[in-house]
Amino acid sequence: MAPLRQEADPAEAGLDAKALERLDRHFARYVDEGRLPGFLVAVSRGGRVAHLTVYGHRDIAAGLPVEAGTLWRIYSMTKPVTSVAALLLVEEGLLCLDDPLDRHLPAFADPRVYLGGSGAEVRTRPADGPVRIRHLMTHTAGLTFAFYHTHPVDALYRRAGLQSAVLPGSDLAGTVEVYASLPLQFEPGTQWNYSVATNVLGRVVEVVSGQPLDTFCAERIFGPLGMTDAGFCVMPEQAHRLAELYGESEGGGIEPIPGLPLRGRPRFLSGSGGMVASARDIHRFMELLRRRGELDGLRLLAPETVDLMTRNHLPGGVDLRAFGSRPAHDEPGNDGVGFGLGVSVVIDPDRTTAPAGLGTYGWSGVATTTFWVDPGRDLTVQFMTQVRPKGSHTVFPELKRLVHEAVTA
């Protein structure tokens with residue numbers, strides 16, 4: 001398939017060309033100053049790409065430029081894809097959002113909740129109720145990440161060898177069994193904590209469908225939607241298009257760092273962060289959501305299912321800020337932002353730290369990739385680069401502000 005291309009004049013799409021030039025110049029400075037290797041940004045109205053810019057390098061040392069067909073590690077932008085996979089099974093009646101998790105993964109029977117202590121002295125109690133499928137999709141299951149250092153259960157994940165969310169040498173099934181052996185941070189459904197939950201959801205998809213996660217996604221999502229480059233590994237004929245991964249160096253610049261072992265099918269299929277995709281793939285996926293489950297005459301999900309996915313499901317209808325300072329890599333500032341089934345969703349635009357329309361939803365990846373859909377403005381945006389920051393990054397709020405300034409109608 002041809003790479004993503006511009007299809008509409010910005011003015012005809014209600015976008016200010018000069019404001020878009022400011023956006024491009026802003027991030028080009030990041031590249032020129034050595035803070036980003038390169039980037040791709042695309043802004044669409046009504047499904048038509050009205051602004052597409054590539055700048056800088058996908059591989060600095062090799063002198064290879066960013067191109068419209070460059071492949072990107074999208075990390076946590078995998079989560080909405082895994083959520084769509086699960087929702088396909090829900091629509092088929094093979095899965096229910098309120099199913100107890102142990103109905104499909106028996107290792108999660110009789111979950112226990114953290115009560116006190118640390119290390120070998122951790123005390124737990126039986127959970128009042130089961131972990132349910134919807135808890136996985138909303139990150140309210142009580143699971144966590146080993147790389148957090150804010151709760152004694154985080155340390156138990158590290159002791160279990162889950163520093164990178166996967167048990168070394170294990171597959172998805174084996175790693176999820178280890179998750180199940182550890183206590184929950186809180187009673188399922190009562191709080192929000194960004195976690196390994198979508199890996200567990202990916203395993204549920206495998207068990208319920210009878211297919212490996214990558215096969216299911218390829219046959220049921222990527223193929224039907226024409227996401228021709230999307231997947232959990234890079235084939236030999238694609239490898240030359242994969243962008244190098246960088247991390248922030250001590251001196252304030254960037255340097256190459258190891259990325260996922262994408263060349264060759266991985267043993268561990270991460271529904272949380274294992275995908276690679278092109279800008280065209282992400283555009284196709286955003287279009288599926290923007291069009292409420294239909295694309296090019298193919299209906300993948302019912303409109304009501306996409307509406308359910310993109311609605312706030314947090315306990316009490318609160319935003320993420322209500323749960324304090326639990327770490328998460330979503331765009332900085334959780335005021336006014338709730339969480340749906342695999343995506344963040346704006347519930348109070350007056351409180352967000354960056355301009356956002358009511359009901360805007362999307363998600364980001366740790367290598368500074370992001371996408372969002374703004375239904376009120378009929379707007380979709382994606383930004384792709386490959387830098388893992390050491391701390392909070394300013395790219396996302398700046399991008400939102402600059403895009404907001406470009407919308408004229």
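A: Start with the buried residues of H2: Thr78, Lys79, Pro80, Val81, Thr82, Ser83, Val84, Ala85, Ala86, Leu87, Leu88 and Leu89. That is 12 of its 14 residues, and the helix is mostly covered. Keep in mind that the model is predicted. H2 covers residues 78–91. From first C-alpha to last, the helix reaches 20 Å. This is close to the 20 Å expected at 1.5 Å a residue. Just after H2 comes Gly93, with a positive phi of about 80 degrees.

Now turn to the sheet. It is open and has eight strands, in the order E3-E2-E1-E16-E15-E14-E13-E12. The pairing is antiparallel. Strands E3 (64–65) and E12 (337–339) stand at the edges. Each has a single partner strand, so one side of each has no neighbour in the sheet.

E2 and E3 run antiparallel and are joined by two bridges.

Next comes the pairing of E2 (residues 48–59) with E1, which is antiparallel over eight bridges. Here Ser44 has Val49 in E2 as its bridge partner. The hairpin of E1 and E2 has two residues between the strands. Its Gly46 takes a positive phi near 60 degrees.

Move to another part of the sheet. Strand E13 (residues 344–346) pairs with strand E14 (residues 361–365) over two bridges, in the antiparallel sense. Val345 stands opposite Tyr361 in E14. A helix also packs on the sheet: H10, residues 395–406. H10 touches E1 (38–45), E14, E15 (369–374) and E16 (379–384). The direction of H10 makes about 35 degrees with that of E15.

The rings come next. The structure holds 15 aromatic pairs. One of them joins Phe147 and Tyr148 edge-to-face, 5.2 Å centre to centre, with 85 degrees between the planes. How covered are these two residues? Phe147 counts as partly exposed because its relative accessibility is 48%. Tyr148 has 5% relative accessibility, so it counts as buried.

Tyr157 and Tyr179 form a stacked pair. Their centres are 6.4 Å apart, and the planes make 20 degrees. This pair links distant parts of the chain, 22 residues apart. Tyr157 lies in helix H4 (residues 152–159), and Tyr179 lies in helix H5 (residues 172–180). Tyr157 counts as buried, at 1% relative accessibility. Tyr179 also counts as buried, at 1% relative accessibility.

Ring pairs also build a cluster. It links Phe145, Phe147, Tyr148, Trp192, Tyr194, Phe339 and Trp363.

Last, look at charges over rings. The charged end of Arg35 sits over the ring of Tyr30, 3.9 Å from the ring's centre. Arg388 lies over the face of Tyr75, at 5.3 Å from the ring centre.

Note on methods:
Residues numbered from 1 in each chain as written. Predicted model: local features only at pLDDT ≥ 70, side-chain atom pairs only at ≥ 80, totals over all residues. Heavy atoms only, no water. Pairing = 2+ DSSP bridges. Helix = DSSP H or I, 4+ residues; strand = E, 2+ residues; numbered from the N terminus. Contact = heavy atoms within 4.5 Å. Axes fitted to C-alpha atoms, helices over the stretch in contact; angles between N-to-C directions. Expected span 1.5 Å × (residues − 1). Buried < 20%, exposed > 50% of the residue type's maximum accessible area, 1.4 Å probe, protein only. Phe/Tyr/Trp six-rings, centres within 6.5 Å; stacked < 30°, edge-to-face > 60°. Lys NZ or Arg CZ within 6 Å of the ring centre and 35° of its normal.
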